[in-house]
Structure formats: structure tokens, C-alpha cells
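This report describes a protein chain through its strands, its domains and the interface between the domains. Please keep the sequence and the model in view while reading.

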Amino acid sequence: MVDDDKRLAAEAALGEVRDGMLVGLGTGSTVAFLIRALGERVRTGLDIEAVATSIASARAAEAVGIRVRDFAEVARVDLTIDGADEIDAQLHAIKGAGGAMLREKVVAAASTRMVVIADGSKRVAAIGAAKLPVEVLSFARRFVTARLEALGAAVTVRDGVTDNGNLILDARFDTIADPAALAAEIDAVPGALGHGLFLREVDAAYVADGGVVTRIERDQRG
Ligand code: 5RP
């Protein structure tokens, strides 16, 4: 069951949490398992504080008794645990199906260590099949869409706005041959505020498949 694997991956990553840590909480259904399990550990004495990458995760954490600090007042996070839509053996990931990738990238960058938790369906040989979300200033929506189309994407505008009040463009590429080059191209488009390519942020991943958890460490990549 996918949900069992999400829970197993979350519980495995929880083993990295220590007393006194400031923990970054990602966003999504896999992180929901993490937050529940972390709340249980806090109830039985684990002494941590958290910052959240979305309003939904902050609310979920507070609901299970985790102290959540305002990230706007924080410069360093000890350990962030987050989900992913795709992750490969190089620890390249696509994130943002849940729309939180801009805050997730900021919190990941502030973190001493960032780990991804995922069920086996997220593990891919090479990232690129998933839609790549791009958060855009609504003022720049058409302009950024045209730039993404020029890079080869089919672009759709997602309904609703992000926690930051911006729009999300979902960019679908046939393949992403050079993720680093694509990330640099999107980073250079004015009005594109953030995207879901995480190429250097992830230090490790816990991937659970059929009840078996595998940890991939950046230093041990094959
Ligand atoms: C949200 C994300 C999520 O972590 C990602 O979409 C995975 O979500 P889920 O665990 O529900 O599959 O990047 O912005």
C-alpha cells in the first residue's frame, strides 16, 4: 500500500530528529505522516521546535502539539524533512505538486541537512516526467508562460494561489535532458519566483517500496 510506504519512509526519517533541533516540515501527504509521528514523539518527551513550509503544515503541526516558529524570524534550520514528486539516484528531485516549492526551497537552503521521504512510485531513473511547477508573479503570468513555452514546455495555469499569493504555472516537458541548464534558464526569467527543480538541496532520501525502506545518501551516490 502506498500509504504504508509513505508512513514507513516518514518514520525512518524521524530517526534523524534529536532533542533541541529546529526541524523544517515540508508539505504534502507523505509529510502528513511525518507530522503525526513527530507529534507522537513530542507528546512522549521529544524537545524540538519546527518551522513549516506551508500554512497547512503549520496548522497540522500545531494540531498535534508541535511548537511552530515563524520562519520569517529564522535563519538556520537543523534538519528539514520533505516529500517529492520525483527523485532519482542523483538526488535530483521535482517538487511542488502541492504548490509549496518556493517556501520549501527557501527552508531547504536554510537547512544544515534536507531529507526527502517518498514512496516507491516517486523513484525514477531520471527526473522530468512530472509537471514542473513554477511560481509566478501574477503580473508576469503571460510573459513567463511564453518563456517556458520557448524552453519547450506545454504550460497550464493552476487554479488558485499559493500561500504567497502568487500563481503557479505547471510546465510539462517531453524530457528534461539537462536539469541544471533548465533550472538556470528559469531562474533567469524575471517574474518567475521559484520552481520545483531541487538539484543540490537534497542530502538524503528515504524511499519505501513494498514495505522496504532504502536510504540514499548524497555522499554514497552510485
Ligand atoms: C509540495 C511538495 C510535496 O512534497 C510533493 O508534492 C509530494 O507530495 P506527496 O507527499 O503528497 O506526494 O513538493 O509542494
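## Terms and basis of the model

Two strands are said to pair if DSSP finds at least two bridges between them. Helices (H or I, at least four residues) and strands (E, at least two residues) are DSSP runs, numbered from the N terminus. Strands of a sheet pair through backbone hydrogen bonds, either parallel or antiparallel.

The model is predicted: local features need pLDDT of at least 70, side-chain atom pairs count only at pLDDT 80 or more, and totals for chains, interfaces and linings use all residues. Residues are numbered from 1 along each chain as its sequence is written, and side-chain values use heavy atoms, with hydrogens and water left out.

## An open sheet of three strands

Three strands form an open sheet in the order S5-S6-S12, and their pairing is antiparallel. Strand S5 (86-87) and strand S12 (197-198) each have a single partner strand and stand at the edges, so one side of each lacks a neighbour in the sheet.

Strand S6 (residues 93-94) is joined to S12 by two bridges in the antiparallel sense. Within this pairing, Ala 93 lies opposite Phe 198 of S12.

Strand S4 covers residues 77-82, and five of its six residues are buried (under 20% relative accessible area, with exposed over 50% and partly exposed in between; 1.4 Å probe, protein chains only).

S4 runs parallel to strand S1 (residues 22-25), with three bridges joining the two; Leu 25 has Ile 81 of S4 as its bridge partner. S4 also runs parallel to strand S7 (residues 111-119), here through five bridges. Asp 82 is bridged to Val 116 in S7.

## Two domains and their interface

The domain assignment, which is automatic or from a database, gives domain 1 (2-122 + 199-210) and domain 2 (132-195). Their C-alpha centres lie 24 Å apart. In contact (heavy atoms within 4.5 Å) are 13 residues of domain 1 and 16 residues of domain 2.

Domain 1 and domain 2 bury about 1,100 Å² between them, 61% of it on carbon and sulfur atoms. Buried area is the accessible area (1.4 Å probe) that two parts lose on being put together, summed over both. On the side of domain 1 that touches domain 2, helix H4 (residues 101-109) gives the most, with four residues.
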